[in-house]
Amino acid sequence: MLPDNALCLSIAGTDTDAGKTVVTAALARAAVAAGLRTLIIKPIQTGSIVDAQGKLQAPDIALCREAAPGADTHALLQFATACSPQLAAQLEALDEKPLRAHPLAEEIGKVVREWALATTFCTNAPGPCRNLVLLEGAGGLLTPLSHRETLGELFALLGWPVLLVVANRLGAINHALLSLEALRSRHLPCLGFVMNEVREAQSELERTIRGENPKAVESLGHKPCLAKLPHVPGLNAPEFSAREAAWNGAARALSPVLHAVGTWQGFAPKTTTQEKRSQETVSKETAAQETAAQETAAQETVDQEGVALLRFDREHLWHPYTSPLRPLRAWEAVGSSGARIRLKGGRELVDGMASWWCAIHGYNHPWLMRALQTQAQSMPHLMFGGLTHAPAVRLGQRLLGMAPPALKHVFFADSGSVAVEVALKMALQYGQAKGETRRTQVMTVRGGYHGDTLGAMSVCDPQDGMHALFSGILPKQIFAPRPECRFDAPYNPAAEQAFAKILAAHADLVAAVILEPIVQGAGGMWFYHPAFLRGVHALCKQHGCLLILDEIATGFGRTGKLFACEHADVQPDILCLGKGLSGGVMTLAATLATHEVAEGISQGGGMLMHGSTFMANALACAVSEASLELISGGGWRAEVARLERVLRQGLSPCACLPGVVDVRILGAIGVVEMESEVNVERLQAFFVEQGVWIRPFGRLVYLMPPYIITDDEIATLCTAIHRALTQEAWR
């Protein structure tokens with residue numbers, strides 16, 4: 001999160017050489033003259049010049065330093081090659097990995113926070129200084145950072161208002177309209193635009209602004225022309241005095257932009273006349289009183305609506321795992337972005353849950369939102385019986401390209417629980433098709449959780465799990481003890497002896513074994529040793545039963561491997577996937593099977609007896625394909641490794657607190673286990689007051705955040721947990 005006293009503005013051009021740097025430099029000069037402490041950031045500079053010491057120097061930054069000597073400057077990435085950032089990074093092998101919007105946005109946020117907090121006062125500004133941050137892009141909004149991300153994605157992650165610099169030349173209207181469309185598609189606010197004369201000429205755009213083409217004005221989306229910067233040849237004059245005069249003229253021309261920025265963010269630069277300030281103060285006080293009265297009345301209306309909404313919710317809406325008559329408290333959310341949830345009233349919460357572990361890329365990721373919007377324009381949904389569509393086919397291709405190679409067939413499901421139901425049906429039908437009619441049961445271990453539908457509940461822990469209430473009506477399955485061999489401890493082969501003995505005793509009855517590989521999720525967040533999974537896999541082969549691995553929670557990088565079964569180098573017969581598949585945007589899951597399983601079910605014209613209305617929903621498939629494209633880039637590996645390190649640092653101090661039984665970390669999962677069940681409602685309210693969203697259950701207070709969460713945000717989550725346990729807010 002940026003400091004409250006920072007005004008931030010992204011500056012984009014309609015195309016290359018639109019004059020962004022001149023506008024940025026002149027605007028910075030105007031800001032410094034108005035008493036603003038100013039920072040200019042150039043996130044990517046191509047065409048940098050090598051100085052006498054062999055270091056790269058950014059020419060755009062050099063120009064800004066000359067124009068606004070009182071401003072601070074910062075260049076993040078520099079390349080000597082004068083081309084697009086994507087090509088420059090490829091040619092100069094930046095850490096041998098592509099440019100990514102998320103790390104860049106995180107680094108920009110870090111630079112701004114450190115800079116804004118360095119001092120709080122300026123020598124030439126009365127009272128606390130307000131800080132202005134100007135971020136100059138590279139090329140246009142669709143300039144590529146990598147093969148799947150553009151500069152627009154970086155701007156979208158920052159979420160700052162954008163000033164569009166329009167080159168006053170042939171083609172300006174087309175370029176401006178395309179740029180505005182790029183901003184709209186990324187839900188980015190546009191402050192307005194600057195018409196920049198890059199040479200001595202009057203263009204079609206100037207005639208448009210003057211009203212000679214009113215229809216074109218409408219097509220510009222009513223975005224105001226905040227300023228016109230005429231061609232200033234004196235900027236290149238050899239005499240210092242001439243350049244100074246030219247920059248002063250450019251700064252004066254852009255002063256309306258500075259006022260527009262202040263108005264947008266609730267601040268206007270100081271005026272230069274004391275009398276004018278006094279007059280404005282009186283006017284502002286009167287206006288403020290009227291505005292306050294209006295805002296109070298509006299707020300009362302909003303508050304009444306909010307109270308009514310929450311009352312209806314409490315009285316009529318049934319939330320998960322709660323009583324309909326005595327529900328737990330619910331908070332009204334109105335927005336989400338990155339790793340944050342925004343509540344009604346403006347409070348922001350750092351999200352430690354990734355919406356029950358599915359929003360692995362964070363909320364409102366521009367790549368996923370674009371895929372959703374594009375697909376919605378052509379075909380939101382179509383029945384999958386007898387028809388197919390490209391999003392489903394492409395998603396299937398990506399899944400099989402990423403999954404263990406033995407898996408050859410994909411069945412799309414609506415949710416994780418349904419994916420497990422499909423897997424169980426596959427296993428039972430496979431046994432029946434082979435004539436092994438006695439194989440009607442499934443074996444698993446205690447402490448597991450596989451979903452809330454009847455078949456899935458039957459393989460959850462029958463005594464200590466959340467579905468013990470239904471034990472009398474569920475299919476009877478076979479359970480072995482929970483594997484007590486810790487992931488981070490030396491393996492004791494005795495751990496699988498009990499499992500081997502029970503499987504041997506029921507071998508002719510077991511159609512399949514189902515396990516959550518390595519991590520038992522909602523059943524207790526237990527991490528067991530990979531060698532146990534290898535042993536179970538071998539036992540399944542020995543006794544002729546299938547191995548189903550439920551990777552709904554662990555798939556797509558959560559444990560540090562793409563799939564948790566990779567820790568044990570095991571390939572299942574059937575694999576269940578969900579949650580992170582769509583990045584938390586749409587509900588979708590998948591059940592993958594080997595060709596042997598598919599062939600067995602199909603013997604004698606057999607078919608899998610399952611289907612659903614929204615199977616392979618086109619919107620969900622398109623978003624999931626985009627999610628997997630992000631995953632295939634490989635950046636998640638470094639992100640999850642970073643999360644594991646920061647979680648370990650942040651949660652380890654909890655181990656010595658009273659009431660704590662265990663602290664365990666694996667990948668992007670951090671768990672604090674308590675000696676008894678926590679008071680969920682009390683603890684939830686405490687966390688909201690701390691500005692975090694953490695949803696404990698049973699004896700566990702845990703974190704499974706989005707991969708893109710920052711180190712500072714993780715620290716906030718860990719501090720909140722430590723504070724809650726220290727103050728015994730969990731009891």
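1. **The chain as a whole.** The model is a prediction. The protein chain holds 23 helices and 25 strands. Of its 731 residues, 52% are buried. Consider contacts between residues at least 6 apart in sequence: 74% of them join residues at least 24 apart.

2. **Helices H17 and H18.** H17 covers residues 497-505 and H18 covers residues 530-543. Their axes come within 11 Å and cross at roughly 20°. Angles under 35 degrees count as roughly parallel, so H17 and H18 are roughly parallel to each other. The crossing of H17 past H18 is right-handed. H17 contributes Phe 499, Ala 500, Leu 503 and Ala 504 to the contact. H18 contributes Phe 532, Val 536, Leu 539, Cys 540 and His 543. By class, this contact has 8 nonpolar residues, 1 polar residue and no charged residues.

3. **Helices H22 and H23.** Here the helices are H22 (residues 680-689) and H23 (residues 711-726). They pack at an angle of about 130°, and their axes are 10 Å apart. H22 is therefore oblique to H23. H22 passes H23 in a right-handed crossing. On the H22 side, the contact is made by Leu 683, Phe 686 and Phe 687. On the H23 side, it is made by Ala 720, Ile 721, Arg 723 and Ala 724. The contact divides into 6 nonpolar residues, no polar residues and 1 charged residue.

4. **Helices H2 and H9.** H2 spans residues 59-67, and H9 spans residues 240-253. Their axes come within 10 Å and cross at roughly 90°. Angles of 65 to 115 degrees count as roughly perpendicular, so that is the description of H2 relative to H9. Leu 63, Glu 66 and Ala 67 of H2 meet Arg 243, Glu 244 and Trp 247 of H9.

5. **His 361.** This residue sits in the loop between helix H12 (354-357) and helix H13 (366-376). Is His 361 buried or exposed? His 361 has a relative accessible area of 8%, so it is buried. Its side chain makes a polar contact with the side chain of Ser 627, at 2.9 Å. Leave out residues up to four places away in sequence, and His 361 touches His 102, Leu 368, Gly 583, Ser 627, Leu 630, Ile 631 and Ile 708.

6. **Thr 554.** The loop between strand E19 (546-550) and strand E20 (574-577) holds Thr 554. Its relative accessibility is 2%, so Thr 554 counts as buried. Which side chain makes a polar contact with the side chain of Thr 554? That of Glu 551 does, at 2.6 Å. Setting aside neighbours within four places in sequence, Thr 554 is in contact with Pro 517, Val 519, Thr 559, Leu 562 and Ala 564.

7. **Ser 417.** Ser 417 belongs to helix H15 (residues 416-433). Buried means under 20% relative accessible area, so Ser 417 counts as buried at 16%. Ser 417 and Leu 454 are 37 residues apart along the chain, and their C-alpha atoms are separated by 9.1 Å. Beyond its neighbours within four places in sequence, Ser 417 contacts His 450, Gly 451, Asp 452, Thr 453 and Ala 456.

8. **Pro 144.** Pro 144 is placed in the loop between strand E6 (131-140) and helix H5 (151-158). How is Pro 144 classed by relative accessible area? At 26%, Pro 144 is partly exposed. Pro 144 and Leu 99 lie 45 residues apart in sequence and 9.2 Å apart in space, C-alpha to C-alpha. Not counting residues up to four places away in sequence, Pro 144 touches Ser 84, Pro 85, Gln 86, Glu 149 and Thr 150.

How values were computed
Residues numbered from 1 in each chain as written. Predicted model: local features only at pLDDT ≥ 70, side-chain atom pairs only at ≥ 80, totals over all residues. Heavy atoms only, no water. Axes fitted to C-alpha atoms, helices over the stretch in contact; angles between N-to-C directions. Helix = DSSP H or I, 4+ residues; strand = E, 2+ residues; numbered from the N terminus. Parallel < 35°, antiparallel > 145°, perpendicular 65-115°, else oblique. Left-handed = near helix turned anticlockwise from the far one by under 90°. Contact = heavy atoms within 4.5 Å. Nonpolar A, V, L, I, M, F, W, Y, C, P; charged D, E, K, R; others polar. Buried < 20%, exposed > 50% of the residue type's maximum accessible area, 1.4 Å probe, protein only. Polar contact = N/O pair within 3.5 Å; in protein donor to acceptor, adjacent residues only side chain to side chain.
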